[in-house]
Amino acid sequence: MRILVCVKRVPSPGAKITLTEDGSGIDTRHLGFTISPHEECAVEEAVQLAAAHGGTSTVLTLGPPTAEEQLRNAIAMGIDHGVLLPIDADEWDPRAVAGAITDAVRTLEDEDGPFDLLLFGNESADAGNFQVGVRVAHALGRAIVDGVKGAEVTDGEVRARRSIPDGFTVHTLPTPAVLAVKEGINLPRYPAMRGRLAAKKAAIRQLPPTPRDGGLRTLRLRAPQQEQTPTRILGSGADAAPAAADILEEVGLL
Amino acid sequence: MTTVLTLIEHPDGTLARTSREALTLARQLADHAGQPLHAAALAPVPDEVVKELGEFGASVVHAIEHPELDADAAAPAIAEALRQLLDELTPSAVLGSASDRGTAVFAHLAARTDLPLAANCTAITPVEAGWEITRIRWGGVLYEDAHLDAPTALATVAPHQVVAAAASMPATVELRVHAPVLDDDLHVTRSVDREELSGGVSLATAPVVFAGGRGMGSAEGFAILEELAGLLGGAVGCSRVATNAGWRAHNDQVGQTGTRVAPDLYIACGISGATQHWVGCMNAKRILSINTDPEAPMVTRADDAVVGDLHDFLPALVAEIKARQG
């Protein structure tokens with residue numbers, strides 16, 4: 001079984017995000033970077049599926065040369081190969097990214113045969129465009145399910161559980177298939193020392209993408225205006241219960 | 001004359017709140033461009049919904065009729081039906097809500113038309129050679145202004161960011177049937193089964209949410225939140241820390257990678273309030289935070305706070321509620 005997982009390098013999602021003074025981007029001087037959370041789960045899923053079914057896994061990212069760090073993180077978690085589509089910007093727009101990834105998949109498949117499964121994150125933590133996986137799947141003529149929180153692969157078929165409000169819907173897809181997964185499908189492992197050492201030495205394949213215009217061009221980033229009203233302190237423990245119950249009454253819950 | 005088209009959803013026979021928001025933005029765009037506003041919806045469209053679409057300014061409602069297009073329909077099939085409607089109408093812009101289904105359908109529509117798509121927008125204005133749009137990033141902590149260059153604008157509207165407002169003059173609605181021709185392979189990803197989460201109040205729509213984080217201390221620590229939720233008809237939520245620790249199922253997680261909630265009251269217990277969590281609860285009408293740290297973002301951003309030990313406060317709150325409920 002051959003699996004390709006596509007990831008994006010993003011600032012650590014717990015961090016406080018500040019903008020550069022001209023609003024052209026995020027001030028990254030004091031930020032750590034990580035694989036976007038849904039995609040980290042896609043990496044874990046790829047590692048588990050490759051181990052369960054036998055086969056190889058490859059991680060791919062389109063990003064600045066520094067995104068090699070995220071490829072090595074994925075390799076440390078157990079992915080076999082890394083492919084970087086280097087660009088001289090932090091990101092491209094989603095239609096351009098999908099086009100470049102489609103080209104890269106075709107190149108990799110021409111060389112070594114088709115991937116049974118392509119895994120994407122449902123959306124990136126930063127841009128949140130919700131479309132790259134779907135565009136790639138459509139261009140390759142493969143079925144895709146998004147919002148996937150559970151996947152079972154049997155011979156020639158994937159059974160995917162798609163998360164909806166208050167439950168799941170179940171879908172079956174013929175392979176080769178594409179899944180856009182969500183956090184909750186698994187709990188990503190923390191890489192063992194051995195994996196981290198191997199990842200340091202792993203060769204990263206470079207596949208420079210053809211520049212293209214996707215049609216959506218960022219002009220500026222802005223922080224929303226926040227109305228900061230002072231927090232009313234009700235108390236320090238049991239003494240605050242009556243005031244809290246008053247609030248429940250005010251909003252009509254009591 | 002070209003149009004602005006909006007895909008709307010009507011689960012349970014009523015127009016979805018997110019669809020009202022999308023219609024509001026679409027009508028502003030249509031008014032600005034001097035074009036009629038059309039709506040598209042999966043058939044059957046109940047009379048009440050048609051009436052409400054008129055109140056929101058839609059002069060034509062396209063009922064998309066096909067036996068496979070129901071609650072279990074595959075996103076590519078709905079997208080292809082919509083694409084065929086685009087062929088017929090050649091609208092200047094197509095909007096929908098960034099709901100669960102809207103998000104998937106618009107991604108497929110963008111792929112099938114090879115048009116750019118701006119997801120989670122809060123504003124869209126025609127400019128010379130295209131549109132200027134504003135969309136949310138990082139789940140809503142940042143806005144992005146962008147230029148959209150396309151023959152037809154495709155955009156989804158971010159939930160809870162636009163205030164839904166009916167038109168000043170309701171439109172007289174013409175109902176048209178749109179019967180798409182769909183290949184069998186479009187239905188491959190139809191839902192074949194459903195699993196409902198067992199009982200209880202839905203986290204996404206509960207009027208009050210009791211959410212626990214690191215400060216709850218253990219999986220067992222959540223029992224008191226279950227009790228409180230039970231007393232008030234609310235739901236229990238949690239932070240990413242609680243799911244990563246294995247204390248709660250991921251379906252309970254409130255945050256950017258979990259569920260977005262907008263209850264009347266959000267009660268955050270022992271949650272520090274990292275950005276990833278904040279974007280999941282920031283649309284709550286009122287927030288009460290319980291935390292030992294007065295500087296925690298969840299406390300400073302809350303309307304009300306208890307700065308102290310939640311293990312003292314929560315049992316006292318249970319007692320107070322029971323006393324008042326008699």
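Select A:G235 and B:V306 to begin: in β15(B), B:V306 is the bridge partner of A:G235. Now widen the selection to β13(A) and to β15, residues 304-307 of chain B; the two strands run parallel and three bridges join them. Strands here are DSSP runs of E with at least two residues, helices are runs of H or I with at least four, and both are numbered from the N terminus. Two strands count as paired if DSSP finds at least two bridges between them.

Before moving on, a word on the ground rules. The model is predicted, so local features need pLDDT of at least 70 and side-chain atom pairs count only at pLDDT 80 or more, while totals for chains, interfaces and linings use all residues. Residues are numbered from 1 along each chain as its sequence is written, chains are lettered from A and ligands numbered from 1 in the order in which they are written, and side-chain values use heavy atoms, with hydrogens and water left out.

Next, colour the two chains and look at where they touch. The contact (heavy atoms within 4.5 Å) takes 81 residues from chain A and 82 residues from chain B. About 6900 Å² is buried between them, with carbon and sulfur atoms giving 54%; that is the accessible area (1.4 Å probe) that two parts lose on being put together, summed over both.

Which element gives the most to the side of chain A that touches chain B? Pick α6(A), which supplies nine residues.

Stay on that helix and select A:E250 with B:R286. They form a salt bridge whose closest N and O atoms are 2.8 Å apart. B:R286 lies in the loop between α7 (275-281) and β14 (287-291) of chain B, and A:E250 is in helix α6 of chain A, so the pair joins two chains. The rule asks for a side-chain nitrogen of Lys or Arg within 4 Å of a carboxyl oxygen of Asp or Glu. Another pair to pick is A:E91 and B:R137, with closest N and O atoms 2.5 Å apart.

Now for the sheets. Show β12(A) along with the chain B strands: an open sheet of 10 strands runs β12(A)-β7(B)-β6(B)-β5(B)-β8(B)-β4(B)-β1(B)-β2(B)-β3(B)-β9(B), with mixed pairing. β12 (216-222) of chain A and β9 (174-178) of chain B stand at the edges with a single partner strand each, so one side of each is left without a neighbour in the sheet. Inside this sheet, zoom to B:V94, which stands opposite B:L154 in β8(B). Their strands, β4 (residues 93-97) and β8 (residues 153-157) of chain B, pair in the parallel sense over five bridges.

For an antiparallel pair, select β7(A) and β8(A), which pair over six bridges. Here A:G150 stands opposite A:R161 in β8(A).

- A:T175 to A:P176: the peptide bond is cis, with omega near 0°. A:P176 is in the loop between β9 and β10 (177-181) of chain A.
- B:A43 and B:P44: a cis peptide bond joins them, and omega is about -5°. Find B:P44 in the loop between β2 (37-42) and α2 (47-55) of chain B.
- B:D114: phi is positive, about 55°, although this residue is not a glycine.
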